[in-house]
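Visitor: I would like a close look at a single part of this model. Please take one residue and stay with its surroundings before moving on.

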Amino acid sequence: MKCTSILLLSLTVLASTARADVKLPAIFSDHAVLLSGATVPIWGWADAGEKVEVSFAGQKKSAMPDANGKWMVKLDALKADAKSQELTVKGKNTLTVKDVLVGEVWLGSGQSNMALRVNQANDFEKEKTTANLPRVRMFTVSSGPSAKAEEDCTGSWVVCAPGTIGSFSATLYFFGREIHKVLGVPTGLINSSVGGTPIESWIAPEAQQASPDNAKAAAKPKPAADNPTPKNPQGAAAKRESKGGVGGLFDGKIAPLIPYAIRGGLWYQGEANTAAGKAQLYQNQLPLLITDWRKRWGNEFPFAWVQLPNFSAPDKEWPLVREAMLKTLKLPKTGMAITIDIGEEKNIHPKNKQEVGRRLSLWALGEVYGKKVPSTSGPLTAGHEVKGDKVMLKFTHADEGLVAKNGELRGFMIAGEDKQWKPATAKIVGDTVIVSSPEIVKPVAVRYAWQDWPDCNLFNGAGLPASPFRTDEWD
């Protein structure tokens, strides 16, 4: 009798295993926003050989899981729709995702300044009063790093309201609010960010290892036992664990989101890569992150980042990381929010995220959505010419003219062949800045705002600041 009971129990376990439930990743959960105007992949897991049917907005698509149990369908392009709908997935069981909208979807990632919440930014109490925006939603990835590319993450979609807005990424929210206001469609924002993390944690390890330019940064750190004993070994280990090592945050917090349909990506990071000897690598790392993410999504989606703001960091190399960000604009469909005027000298987490989000939105509205905006960027250097004792600097994005904000033009330095930098006099003529110094008879190079905390004031007429730059490549 006892043997019979054991046999029946075993058969029951086998039967339940054979009839595994259809499962969806966390990103497909109540209150989700799906992308409009593009093919929308929906995927999950089920038993091999189990037909899965997906229904949404009048469409029905079916798929069979592969040998690993993974299935995927692709919905035809959807029209933006603020009407609450249900996404149904049926196999041996039925899943219903409720209150799904269709509109714009953006992914935001990076370190602490992307992670910084609305309740930590300026004017939180005031922001709460205007946060009744039920068609704006945010999905925050709460799972951590991983040693392998994960298929799923943890997190949930949260509807924007006065009681929920405090936990939203401030930069991402203020960006999304502008997009929602101008386009008038549902806006989904995906926040996958972790404070204090270097860019190498966010790039797939195999992509870094395959890139000669990134070989140094992709070298695995030595085990803790090989390093000097820290004062707080448990705290140090926890800090290393949260950063995930090379590629750990990509594997744990980005890979599970692929290939969720997004309009574009936003990046706010770089502070953790400003150490001397490390900052120079950023000019290879940021382009690699963008190109690799696009390749994995199978889509050259628009991508923009926040250039590091002004901040007093004399033992770091902030200008080199800013320069790397400027150089990365050579990639197609990219943009940069210049923030050299809205940092805080002693606070690495400046609180004016409203303006950061607005500047990112100007780029998106103008370049991605084709809307008329005052300007999509602050002035960018576009070449120079030496004429006698003067250097003529050209700029793009001189919308409504170049402007010296609050007084005479400041922030320029000039040097001759001896590489000795002298303060320069600068004058605006149209979209050109003419730079000279009585101490430099034969100028060779010019730098602008080339300090951690520069005194600079070149803007365009649309009120956006010029990016720091240099014309030389000296050490």
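**A residue in a loop**

Guide: Asn457 sits in the loop between strand S21 (445-448) and strand S22 (458-460). The model is predicted. Is Asn457 buried or exposed? Asn457 is buried, because its relative accessible area is 2%, and the cut-off for buried is under 20%.

The Asn457 side chain reaches the backbone oxygen of Lys405 at 2.8 Å.

For a buried strand, turn to S2 (residues 40-45). Six of its six residues are buried, so S2 is largely enclosed by the rest of the structure. Val40, Ile42 and Gly44 point one way from S2. Pro41, Trp43 and Trp45 point the other way. In general, side chains in a regular strand alternate between the two faces of the sheet. Six bridges join S2 to strand S5 (residues 70-75), and the two run antiparallel. Within S5, Val73 is the bridge partner of Ile42.

Last, a helix. H9 (residues 282-297) has 16 residues and reaches 22 Å from its first C-alpha to its last. Its buried residues include Tyr282, Trp293 and Trp297. Gly298 follows H9, with a positive phi near 70 degrees.

Methods
Residues numbered from 1 in each chain as written. Predicted model: local features only at pLDDT ≥ 70, side-chain atom pairs only at ≥ 80, totals over all residues. Heavy atoms only, no water. Helix = DSSP H or I, 4+ residues; strand = E, 2+ residues; numbered from the N terminus. Expected span 1.5 Å × (residues − 1). Buried < 20%, exposed > 50% of the residue type's maximum accessible area, 1.4 Å probe, protein only. Pairing = 2+ DSSP bridges. Polar contact = N/O pair within 3.5 Å; in protein donor to acceptor, adjacent residues only side chain to side chain.
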